[in-house]
Amino acid sequence: MTTLNPTNVHRALLPSRQISKQFTVSAQYPFTMAASSDFLRWFKDIGLEDLPLVGGKNASLGEMYRTLTTQGILVPNGFVLTTNVYYDALQDACAWPELHELLDRLDVTDVTLLEKQAAKARKLVYASTGTEKLRSLVADAYLSLEAQYGRGVAVAVRSSATAEDLPGASFAGQHESYLNITGIDNIFDACRHCFASLFTDRAIVYRINNRFDHFKVGLSVGVMKLVRSDRAASGVTFTLDTESGFRDVVLTTGAYGLGENIVQGIVDPDEFYVHKPTFRQGYRTVLRRVLGKKQLTMALGNNKDGSTTQNEPTPEDQQMRFCLSDEEVLLLTDHALLTEDHYSQLAGHHMPMDIEWAKDGDDGRLYIVQARPETVASRKKSAMLETYSLHGKGTVLTHGRAVGEKISGGITHVILSHDELALFQPGEVLVAPSTNPDWEAVMKMAAAIVTDHGGRTCHAAIIARELGVPAVIGTETGTQTLKSGQCVTVSCAAGEIGTVYEGDIPFEVTTIDADRLPHTRTPLMVNLGNPDLAFHTAMMPSAGVGLARIEFIISEYIGIHPMALAHPERLALADRQRIAEITAGNPSPSDYFVRNLSEGIGTIAAAFYPKPVIVRLSDFKTNEYAALIGGTTFEPQEANPMIGFRGASRYAHPAYADGFALECAALARARDAMGLTNIIVMIPFCRRVEEAERVVAAMGKNGLVRGKNGLEIYMMCEIPNNVIQIDAFAAKFDGISIGSNDLTQLTLGVDRDSDIVSFDFDERDKGMLEMLRLAVAGAKRNGRKVGICGEAPANYPDIARYLVKLGIDSISVNPSSLLRTMGAVHEAEGSH
């Protein structure tokens, strides 16, 4: 007989505090002697109503096999040894009193004692279940399984406890499972080990921490045909986003080989998102995918130590490919939604699901091998907002402009050049002269950001807002005042001024239920460019996205100049080789751009669907475009990129027309193939009416026809000429969005990023207020929607009041400013 090692080996999870409560159990055990017919059931004969008899996993397997296989879902067949086997075996062996002696007064904080008592308990259960009667029962059932699948069919032997897969406690991974088991003796031995695993160290501690009585939890064992995913792939599908709890997507993760590597978290799997509402409408398109490293592949094997699986390095060419095709992802999505609908109907309310799948390498088909209610993300409260406040004082080390409203702290790390980025550690406070797109990977790891230079719309400020990381920008002397290794607190919770304090100062975070916030008549929208934040941000109380910048997607997820992808033949050899490596596996370099940009845009649009999402076409300046791979080949050097070759002037120009065509193709794919018709396209920095006509015509030639399939095209009103000729511009567009940053800069003639004159940058200037009035009045006069996207209404309540008085149709601010703006707008509406 083979000595079995479980596929999961767990140490106990010790509680963070002493567990003093002890459980006492009456002498009345939770069973009566069962009829022999209740010792074994086939999947077709069980369902969710049989949970006390077969446990959570097996009840769900039976439910799917009995009800969902008729709808095209494949579930391997199998049989179940019921909890009556466990109860009766221990009763016949007179094992209950000894189990009580081992566990009733067990202090699980004593690791040595826990391991000793748990081992004795497992040995007792293993011995009690070794009867010839039970072996004969297993043998007869396995012969029936061989008749269906062939002689010597390999099986998975899985534990299923009566107190698992519950909304409040999943018990995931507490008990053992065994894979690739063949032969009656080995299968019977695996079943006995499963019964004994009710008393693993981890399971004992988990039950005590969650206040489950050891002796009121039974365990059954399922034996099912093994899906040969060792020759293909396996993974998990969730019918929500597991990080945010957002429920309008299906998330599938996958890797090569057996699924235990994903369950244990030892590989980085591929990830695929599909948008539920548009999928149900018939749009069969993957919303977004992320290529995982898939470092290891779990294969089958009979090892000397008795284990039946082994990990092998995944070949590099397989790591660079997705483990599933789009068609397979969509099929899993269909199965996941059928499963969610079925379980939700049974529950009487929406029931997000956690579903294990496996692809059989022999027949190439996808099987569902487990389904349970999702028990973590689905319990998160949505629409919760946070406010921060310091609870103490400290020495001020430096100050500058505040970005966001959060407080954070950590150990400073001064980075003066790109060459030092590799030294940065997660959780440190990044201190730098300035930042650029090459720094974004490090910025994601930072607890806070401090820079010498920059204004409210510089790279560091924009990325910090997107990431939700507090940043103090434009300190002038931050890299000189702060030294690496200092403990600091960075506060952006006091308005416009951000401060860096010496030491670790305590602060308070207040969470507010957004559902109880005051309603505003003026729709409040959010500015967003990072798809990674879309699902979380969409759960806040907003009317949609007033400004979705695609620059972040291009720089972070693509990193290559659009013209370099459209015309790689014009590049230097080194750039061509680098782009070839990045885009490998795609039909063409252009397809790489279109897919990645459309998936980034689509993720933001899907998160807010069906609310409007206003997507601004690329508005990089020439120096920013040049920083992309291949960019120097296509970009001129300009003395003043701020008012140079940017925005609308690029789109129909021969120097960028082919790159613009790729942007249009990505937007058309998001709207037409993904079904995200809530996307509105916005043209930035459009200087002249004739330019507007050229751009709209170019969009039409590239598949974005104004009015077709409900497409609306907006103009960003950010140049004084846009206001002066508002009537002429309004005739060319469906809506106007005031860009307060550039409009203020060009109205006052102030470079907002200049360390010398930026003090004159003020949206409250009388001339600027008049510009706002003329823009709003002109748009309304022409029957056009008009909104504003910028931080002015958030930073200055008097501007919020002024815009409300003008009757503006919407206000869009950064997510961190939404709560403050909501209060200002509600107050302003009450006074008018």
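This is a predicted model: local features need pLDDT of at least 70, side-chain atom pairs count only at pLDDT 80 or more; totals for chains, interfaces and linings use all residues.
View 1. Residues are numbered from 1 along each chain as its sequence is written, and side-chain values use heavy atoms, leaving out hydrogens and water. Strands are DSSP runs of E with at least two residues, helices are runs of H or I with at least four, and both are numbered from the N terminus. Strands β6 and β7 (residues 249-256) run antiparallel, joined by 6 bridges. Two strands pair if DSSP finds at least two bridges between them. Strand β12 (residues 353-359) also runs antiparallel to β6, with 6 bridges. There, Glu356 is the bridge partner of Val236.

**View 2. Strand β6 (residues 233-238) is largely enclosed by the rest of the structure, because 6 of its 6 residues are buried.** Buried means under 20% relative accessible area, exposed means over 50%, and partly exposed lies in between (1.4 Å probe, protein chains only). In a regular strand, side chains alternate between the two faces of the sheet. Ala233, Gly235 and Thr237 point one way from β6. Ser234, Val236 and Phe238 point the other way.

**View 3. Asp213 is buried yet has no salt bridge.** A salt bridge needs a side-chain nitrogen of Lys or Arg within 4 Å of a carboxyl oxygen of Asp or Glu. Lys and Arg count as positive, Asp and Glu as negative; His and the chain ends are not counted. The nearest side chain of opposite charge, Lys216, is 4.5 Å away. The Asp213 side chain does reach the backbone nitrogen of Phe215, at 2.9 Å. Asp213 lies in the loop between α7 (201-209) and β5 (219-225).

**View 4. Ile601 is among the residues with the most contacts inside the largest nonpolar core.** Such a core is a set of buried Ala, Val, Leu, Ile, Met, Phe, Trp, Tyr and Cys residues joined through side-chain atoms within 4.5 Å. Beyond its neighbours within four places in sequence, Ile601 is in contact (heavy atoms within 4.5 Å) with residues including Ile550, Val615 and Ile679.

**View 5. A cis peptide bond joins Tyr609 and Pro610.** Omega is about 5°. Most peptide bonds are trans. Pro610 sits in the loop between α19 and β25 (613-616).

Technical notes: A polar contact is a pair of N or O atoms within 3.5 Å; within protein, one must be able to donate a hydrogen and the other to accept it, and residues adjacent in sequence count only if both atoms are side-chain atoms.
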